[in-house]
Amino acid sequence: ITSANNLLAALLDNHIHQGNALGIDTRQILWKRCMDMNDRALRNIVVGLGSKAEGFVREDHFVITVASEIMAILCLANDMEDLKERLGRIIVAYNYAGEPVTAAQLNAVGAMAALLKDALKPNLIQTLEHTGAIVHGGPFANIAHGCNSVRATKTALKLADVVVTEAGFGADLGAEKFLDIKCRKAGLKPDAIVLVATVRALKYNGGVPKDQLKEENLAALEKGIVNLEKHIENMMKYG
């Protein structure tokens, strides 16, 4: 995913360097480079410094790989053809007329898909309790949909009678995006929702400072339960 993301970034910069036939406005480039590590110093940078051969000087940015749009696309794709269509629709920048420029217009889709052909396959692993688990994909829930891949879930449904899948970042974010986005796009219909809450979290919601969470506090727990009740109420709206 990192390689495919940065390939698109390189093709974008090279297109501008080679004459900019699409009229890309370098002040309106949306696509960011990525790496699989959080490095604050690279969030806002300047690229293209040096000689004329190094390209155009412009502001650029890095995001962590799980924040890449390609991560979200991979996790929503049903197959290779679907993946290619979604990759082609990525808006990388706007031209001087204010029109969107896509990855398809940069002829980047084929090369990106080639890099992702193995990444599209779900990974079967084993837990410490010797239970099978499929781990595949992980888009950030605060900017994407926060769920594993559609292919992983559908594969699991073919292999087991009961499948449990995680929707991260809380019921008010991950779960709602799982139901509103992933389930609708993939045609999935969950039979039950498992809502996970810890006593420590509920006490914290009840006003207990972090350094006192280990201590028993039933009054704070009672106050914090209100937060859990709201999550349950939200989930009940889905039927």
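**Figure 1. Burial and surface of the protein chain.** Of the 239 residues in the protein chain of this predicted model, 36% are buried. The chain has about 14,500 Å² of accessible surface, and carbon and sulfur atoms account for 54% of that area. Along the principal axes, its C-alpha atoms fill a box of roughly 70 × 45 × 35 Å.

Figure 2. The protein chain contains eight helices and nine strands. When contacts between residues at least 6 apart in sequence are considered, 57% of them join residues at least 24 apart.

**Figure 3. The largest pocket.** This view shows the largest pocket, which holds about 1,400 Å³ of space. Its lining is made up of 48 residues, and those closest to the centre of the pocket are Val 163, Val 164, Thr 165, Glu 166 and Ala 167. Two or more lining residues come from each of strand 9 (132-135), helix 5 (150-159), helix 6 (171-186), helix 7 (199-205) and helix 8. Helix 5 contributes the most to the lining, with five residues.

**Figure 4. Surroundings of Val 66.** Val 66 is located in the loop that runs between strand 5 (62-64) and helix 2 (69-76). Its relative accessible area is 19%, and because buried means under 20%, Val 66 counts as buried. Leaving aside residues up to four places away in sequence, Val 66 is in contact with Met 71, Gly 138, Pro 139 and Phe 140. Of these, Met 71 belongs to helix 2, given the range 69-76. Asp 79 is 13 residues from Val 66 along the chain, and the C-alpha atoms of the two are separated by 20 Å.

**Figure 5. A nonpolar patch on the surface.** Four residues, Ile 193, Leu 195, Ile 232 and Met 236, form a nonpolar patch on the surface. Together they have about 360 Å² of accessible area. Met 236 is part of helix 8, which spans residues 218-236. The relative accessibility of Met 236 is 61%, and exposed means over 50%, so Met 236 counts as exposed.

Note on methods. Residues numbered from 1 in each chain as written. Predicted model: local features only at pLDDT ≥ 70, side-chain atom pairs only at ≥ 80, totals over all residues. Heavy atoms only, no water. Patch = residues over 30% accessible without salt bridge, like charges linked within 9 Å, V, L, I, M, F, W, Y side chains within 5 Å. Areas by Shrake-Rupley, 256 points an atom, 1.4 Å probe, with all protein chains shown as cover. Salt bridge = Lys/Arg side-chain N within 4 Å of Asp/Glu carboxyl O. Helix = DSSP H or I, 4+ residues; strand = E, 2+ residues; numbered from the N terminus. Buried < 20%, exposed > 50% of the residue type's maximum accessible area, 1.4 Å probe, protein only. Contact = heavy atoms within 4.5 Å. 1 Å grid on protein atoms, 1.4 Å probe; cavity = no way out; pocket = protein on both sides within 12 Å on 5 of 7 lines; lining within 4 Å. Points joined across faces, edges and corners; volume = space filled by probe spheres on them.
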